[in-house]
Amino acid sequence: MTAYPTIHYRRQDVDGLSIFYREAGSPTAPAILLLHGFPSSSHMFRNLIPRLAPHLHVIAPDLPGFGFSDAPSRSHFAYTFDHLADVIERFTDAVGLSRYGLYIFDYGAPVGLRLALRHPDRITAIVTQNGNAYEEGLSANWNPIQRYWADPTPEHRNALRAFLSPDSSKWQYTQGTDESRIAPESYALDSALLARPGNEDIQLDLFLDYGNNVKLYPRIQEYFREHRPPTLAIWGKHDPFFLPAGAHAFTRDNPATEVRLLDTGHFALETHSEEIGATMVK
């Protein structure tokens, strides 16, 4: 009989916010922090965590405004990537992560890489799975959001509401891959949580602030040149948002980066969790 690692579902208070997280593996093992993207939560790691837990101490929080973490109103919480990184930094302190690897995906990349900029001594390795840090990684599907960055009018803001529909969430999971391999509860859960009162405008605030992540790219690239953490860029090559060029670009600043392109889309863990997990722990 196969023994499956126990996954614990916990909450941690961070400055009055309740941050939900998944934890597995021995606390004495090397640690890894898994950071999810839009429009998902730590639920996206449900198939990866059991593959990592025999080897690593795994911590996977939900960002504020996502999953089962608190989603305070915009009048009480500024939804910027700097602020999300502030909360996750204090979260790592609260749960006792002093040195850890990073698994960054989508929105998890600008959050996690801010942690690396602030505390490079804490980061032992980085796995970037469609977690972008180079302008050449941005596809044409970013054009409507880039128009909003350049001209943040109500018209451009409202045009982005289509990205928050159930059909859009499903498309992000199924584009570029075999839809029969995508568990429907993945995008159904994301859609249900996006539909919470007030969450739509939270997400539109983050769309606007994403432009500040692009402005931060030169500092992130300098971090890779200076510190050269062991890096794996493992990418769904049919991602409609982040192009394979974004994976290869890491080698420019960190030549030892291992690049792996997978025959799948944005949410590569839905179809390739076994391969990704095996590559990480080899």
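Predicted model: local features only at pLDDT ≥ 70, side-chain atom pairs only at ≥ 80, totals over all residues.

Residues are numbered from 1 along each chain as its sequence is written, and side-chain values use heavy atoms, with hydrogens and water left out.

**Exercise 1.** Decide whether Asn 132 is buried or exposed, and find the side chain with which its own side chain makes a polar contact.

*Solution.* Start by locating Asn 132 in the loop between S6 and helix H4 (143–150). Helices (H or I, at least four residues) and strands (E, at least two) are DSSP runs, numbered from the N terminus. Next, check accessibility: Asn 132 counts as buried because its relative accessibility is 2%. Buried means under 20% relative accessible area, exposed over 50%, and partly exposed in between (1.4 Å probe, protein chains only).

Now look at the side chain of Asn 132, which makes a polar contact with that of Tyr 217 at 3.1 Å. A polar contact is a pair of N or O atoms within 3.5 Å; within protein, one must be able to donate a hydrogen and the other to accept it, and residues adjacent in sequence count only if both atoms are side-chain atoms. A polar atom of the Asn 132 side chain also lies 2.7 Å from the backbone oxygen of Tyr 134.

**Exercise 2.** Classify Pro 197 as buried or exposed.

*Solution.* First find Pro 197 in the loop between helix H7 (184–194) and helix H8 (199–227). Then read its relative accessibility: the value is 85%, so Pro 197 counts as exposed.

**Exercise 3.** Work out which residues have the most contacts inside the largest nonpolar core.

*Solution.* A nonpolar core is a set of buried Ala, Val, Leu, Ile, Met, Phe, Trp, Tyr and Cys residues joined through side-chain atoms within 4.5 Å. The largest one has 59 residues, and Leu 33 and Phe 207 have the most contacts inside it. H8 gives the most to this core, 11 residues. Apart from this core lies another, of 26 residues, including Leu 34 and Phe 267.

**Exercise 4.** Find which element gives the largest share of the lining of the largest pocket.

*Solution.* Begin with the 19 lining residues; Ala 125, Ile 126, Val 127, Pro 230 and Met 280 lie nearest the pocket's centre. A pocket is an open set of points on a 1 Å grid over the protein atoms alone where a 1.4 Å probe fits, with protein on both sides within 12 Å along at least five of seven lines; lining residues have an atom within 4 Å of a point. Finally, compare the elements: S6 gives the largest share, four residues.
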